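Subject: Structure handover

Hello,

Here is the structure for you to look through. Please open it before you read my notes.

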Amino acid sequence: MSGRCKNIQEPEVQQLKRHNSSLPVFSEHGVRMCCRLRCLVKQLDRGEASVAELKKSLEYAASVFESLYMEESRRLADPEDELSDIQSDSVPVEVRDWLASTFTRQRGLVVRRNEDKPRFRSIVHVVQAGIFVERMYRRTSHNACLSYPPNAIAVLKHADTWCFDVFALNDASGDHALKFVFYELLTRYDVINHFKVPVSALLSFVDSLEVGYSKHRNPYHNLVHAADVTQTIHYLLLKTGMVHWLTELEIFAIIFAAAIHDYEHTGTTNNFHIQTRSHEALLYNDRAVLENHHVSAAYRLLQEDDMNMLSNLSRDDWRELRNLVVEMVLATDMSCHFQQIKAMKNYLQQPESIDKPKALSLLLHTADISHPAKRWELHHRWTASLLEEFFRQGDKEAELGLPFSPLCDRKSTMVAQSQIGFIDFIVEPTFTVLTEMIEKIVTPLIEEASQAAVNQSSSVSRTEASGSEGKPSSKKSGGSEVSCSLTTVDLHSFKGTWNQEIQKNREKWKAQAKGVEYLEDNDKKEQNQEQNQENQQQNQQQNQENHDDSQNTELERMKTEEDGADEVETVKQDQQHQLDRSKSPGGFLQAFDLHTAELVTADSLEQ
């Protein structure tokens, strides 16, 4: 667009912004599209517009309208609930509740910042960045300012790998993983030298950071997690080529933000703070409670002279770095997740370049939830630590008489199912959007670098051909150096790396979930078998008791009969004796007595 059109456009931009600031989908692109069309109408009135300019403006307007239509359609369909398409029978209720309570929100904190000054990086800037990257990685990883333990040096040699073992570094450094990762990266990216960072203040600051991360003795949100996220940011910058798109200050900002992003984490969720009306919740009005505290507390450390590692930054650099850091850390609030992903998808549909603060925020957010995309041993260890932290919150909730938050009940939490849901609905979609964003940003840089390499090669060939003695030049250009760096970036390989680890981890969790179900079924079967055996034993015992009682009754009857027979025999003997005596005098009376005795005895037997 011509300069005259630009001058006409600016007042109208501000006017449209004021009139349409309340519209949720009337984005910056929509405002500029309207101004562009108005400008085009004025050019047509003056007869200054060309067919090419008209076509270009109409294509731009169509793309903006399509994007606004799609965004509005999604908003009307319920923009906050991205979990509505999850089938209830595919995800357990507890897992769905956790996803909804953690990664969505009803009232969101909208953080806006003024539009940054445009930073159009020409091929010269790309070449300079390439030279810078090549130079900084020739530096040794240790120097006299910080003494590195030998074992820590050995571990840090693998700092450029995706599945970097931060636990090994923490062991090798004596529980100082954050200090050595932070210092190492600031040294590699030449931040300390470029911004004249006082090393003593830097070391005092990071020491205090580690103390703050250890304040609540969290199993997960601790200094090791901060070190892991910071190293992951380094990998994303380096291996995807994003480092060539950023300025030195932006690189400094994202490393700093990663290091402080969970400073003084309480080991409980934002919702727990809100429900318990904690000091932090009241201070920050229930909005991004922990994230606000992380930034505020870290910057309060910088107020101390002996820890002010930013003391030599210019006023403009200090303000820009703070704006970036605040926006990035606040974006790690998990309730902003779907809003952040949707905003980036919208940016990807536009022809304009992607907003840098938004891109940096997505990088940090992805690094913060990246452990399911690392190898199983690391991912499983992080999962166990996070769940233990959840369970401790559940213990506090039980003590306070509060209902359990999702995944916080030690007795009923479904670990495997929760991780499958986390991977399927949060982690994998986030990495997919991140990869698309990186491709849109870095692909043009790669093409420019490749073309620069071709031009440089042609220039060298012509110089050699026209040389007075035909000797090749001994100079090595910056262009060829950066072309090697950028053209060797393999975004397909990057996607394959995280995607492969995610697939492996998902299958392991699915196997565990099936194993748990199998064990539960077996337990039920064993319980049923044990119950049946117990019932059979009880029946057998009852039958045996009944049989014994029957035998005892028979024995008693037989004994009674034997006793009766003895009595009869006794009576007979007595009768015989009386009969003998009856033959003597007085025998009649004796016989009478005997007859009476017989009657008495007979009656007794019958009874």
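Below is what was found, from the whole chain down to single residues.

This is a predicted model: local features need pLDDT of at least 70, side-chain atom pairs count only at pLDDT 80 or more, and totals for chains, interfaces and linings use all residues. Residues are numbered from 1 along each chain as its sequence is written, and side-chain values use heavy atoms, with hydrogens and water left out.

**The whole chain**

The chain has 23 helices and 0 strands. Helices (H or I, at least four residues) and strands (E, at least two) are DSSP runs, numbered from the N terminus. Of the 607 residues in the chain, 44% are buried. Buried means under 20% relative accessible area, exposed over 50%, and partly exposed in between (1.4 Å probe, protein chains only). Now take the contacts with a separation of 6 or more: 78% of them come from residues 24 or more positions apart. Contact means heavy atoms within 4.5 Å.

**Helix α18 and its partners**

Start with helix α16 (residues 315-330) and helix α18 (residues 356-368). They pack at an angle of about 45°, and their axes are 8 Å apart. That angle makes α16 oblique to α18. Angles under 35 degrees count as roughly parallel, over 145 as roughly antiparallel, 65 to 115 as roughly perpendicular, and the rest as oblique. Axes are lines fitted to C-alpha atoms, for helices over the stretch in contact, and angles run from 0 to 180 degrees between N-to-C directions.

The crossing of α16 past α18 is right-handed. A crossing is right-handed if the near helix is turned clockwise from the far one by less than a right angle, and left-handed if anticlockwise. From α16, the contact uses L324, E327, M328 and V329; from α18, it uses P357, K358, L360, S361 and L364. These residues divide into 6 nonpolar, 1 polar and 2 charged. Ala, Val, Leu, Ile, Met, Phe, Trp, Tyr, Cys and Pro count as nonpolar, Asp, Glu, Lys and Arg as charged, and the others, Gly among them, as polar.

Helix α12 (residues 248-260) also packs with α18, at an angle of about 35° and with the axes 11 Å apart. Here too the crossing is right-handed. E250, I254, A257 and A258 of α12 meet K356, L360, L363 and L364 of α18. This contact has 6 nonpolar residues, no polar ones and 2 charged.

**Helix α17**

Buried residues of α17 include H337, F338, I341 and L348.

**Single residues**

E264 sits in the loop between α12 and α13 (270-276). Its phi is near 60°, a positive value in a residue other than glycine. E264 is buried, with a relative accessible area of 14%.

N285 is in the loop between α14 (279-283) and α15 (289-302). Phi of N285 is near 55°, again a positive value in a residue other than glycine. N285 is exposed, at 58% relative accessible area. Most residues other than glycine have a negative phi.

R410 lies in the loop between α19 (376-400) and α20. R410 is partly exposed, at 40% relative accessibility. Leaving out residues up to four places away in sequence, R410 touches E388, F391, R392 and D395.

Best wishes
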